[in-house]
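These notebook entries record what I looked up in the structure shown below.

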Amino acid sequence: MTRLEAATDTFWMRHSNPKSGWSRMLVLPALLYAVYRREWRVAAVAVAFTILNPILFSPPADDDAWMTRVVYAERWWTTDEARGVLDLSYPNVLNVLNIPASGYAFLTAYRRQPFRAVLAGLVSMALKLWYVGVLVRRYDAEKSRSS
């Protein structure tokens with residue numbers, strides 16, 4: 001195993017801690033708040049947290065947690081299956097739809113339209129959870145077939 005492969009494995013293992021995934025769910029609301037309130041330090045902290053988050057937590061003891069399997073499924077989908085994340089096939093189309101939803105959330109936060117920003121932010125988060133939910137079901141099915 002090369003150093004890059006070892007580093008990649010370490011990254012994915014640490015990122016698969018459920019605390020990593022669930023805490024990342026707070027980043028979009030924090031960024032929308034920062035944009036709405038023009039709190040650029042909050043935005044900078046949220047971006048820094050996003051960058052550091054995948055290495056902040058220790059690897060999980062097992063893969064029982066749903067959010068751990070989310071990370072395993074994302075790795076399986078993008079690496080082993082080489083499916084990418086931004087095409088019009090299902091479930092990748094959910095990520096494509098997430099782009100305008102997130103963009104609209106940030107636009108309305110910037111324009112200080114709180115109802116629209118919250119609604120678009122919720123749509124964005126729902127699309128992400130839908131996407132990863134599909135990936136976990138596919139990953140679990142593939143894993144049970146392989147066993």
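**Entry 1: helix 5.** I listed the buried residues of helix 5 and found Met 67, Thr 68, Arg 69, Val 70, Val 71, Tyr 72, Ala 73, Glu 74, Trp 76 and Trp 77. Buried means under 20% relative accessible area, exposed over 50%, and partly exposed in between (1.4 Å probe, protein chains only). Helices (H or I, at least four residues) and strands (E, at least two) are DSSP runs, numbered from the N terminus. The model is a predicted one, in which local features need pLDDT of at least 70 and side-chain atom pairs count only at pLDDT 80 or more, while totals for chains, interfaces and linings use all residues. Residues are numbered from 1 along each chain as its sequence is written, and side-chain values use heavy atoms, with hydrogens and water left out.

I then checked the partners: the buried residues of helix 5 pack against helix 1, helix 2, helix 6 (92-110) and helix 7 (114-146). Contact here means heavy atoms within 4.5 Å. After helix 5 comes Ala 82, with a positive phi near 50°.

**Entry 2: salt bridges.** I counted six salt bridges in the structure, each being a side-chain nitrogen of Lys or Arg within 4 Å of a carboxyl oxygen of Asp or Glu. In one of them, Arg 75 meets Asp 9 at 2.4 Å, N to O. Arg 75 lies in helix 5 and Asp 9 in helix 1, so this pair ties together parts that are 66 residues apart in sequence. Arg 75 is partly exposed at 24% relative accessibility, and Asp 9 is also partly exposed at 24%.

Next I looked up Arg 69, which forms a salt bridge with Asp 140, the closest N and O atoms being 3.0 Å apart. Because Arg 69 belongs to helix 5 and Asp 140 to helix 7, the pair ties together parts 71 residues apart in sequence. Arg 69 counts as buried at 18%, whereas Asp 140 is partly exposed at 25%.

A further bridge joins Glu 142 and Arg 145, with the closest N and O atoms 3.1 Å apart. Both residues lie in helix 7, three residues apart, about one turn of the helix. Glu 142 is partly exposed at 29%, and Arg 145 is exposed at 61%.

**Entry 3: Asn 17.** Is Asn 17 buried or exposed? I found it buried, at 9% relative accessibility. Asn 17 sits in the loop between helix 1 (3-15) and helix 2 (18-24). The side chain of Asn 17 reaches the backbone nitrogen of Lys 19 at 2.8 Å. Leaving out residues up to four places away in sequence, Asn 17 touches Phe 57, Ser 58, Pro 60 and Thr 68.

**Entry 4: Met 1.** Met 1 lies in the segment before helix 1 and is exposed, with a relative accessible area of 74%. I noted that Met 1 and Arg 41 are 40 residues apart in sequence and 40 Å apart in space, C-alpha to C-alpha.

**Entry 5: whole chain.** I recorded seven helices and zero strands for the protein chain. Of its 147 residues, 35% count as buried. The C-alpha trace spans about 50 × 30 × 25 Å along its principal axes.

Conventions
Polar contact = N/O pair within 3.5 Å; in protein donor to acceptor, adjacent residues only side chain to side chain.
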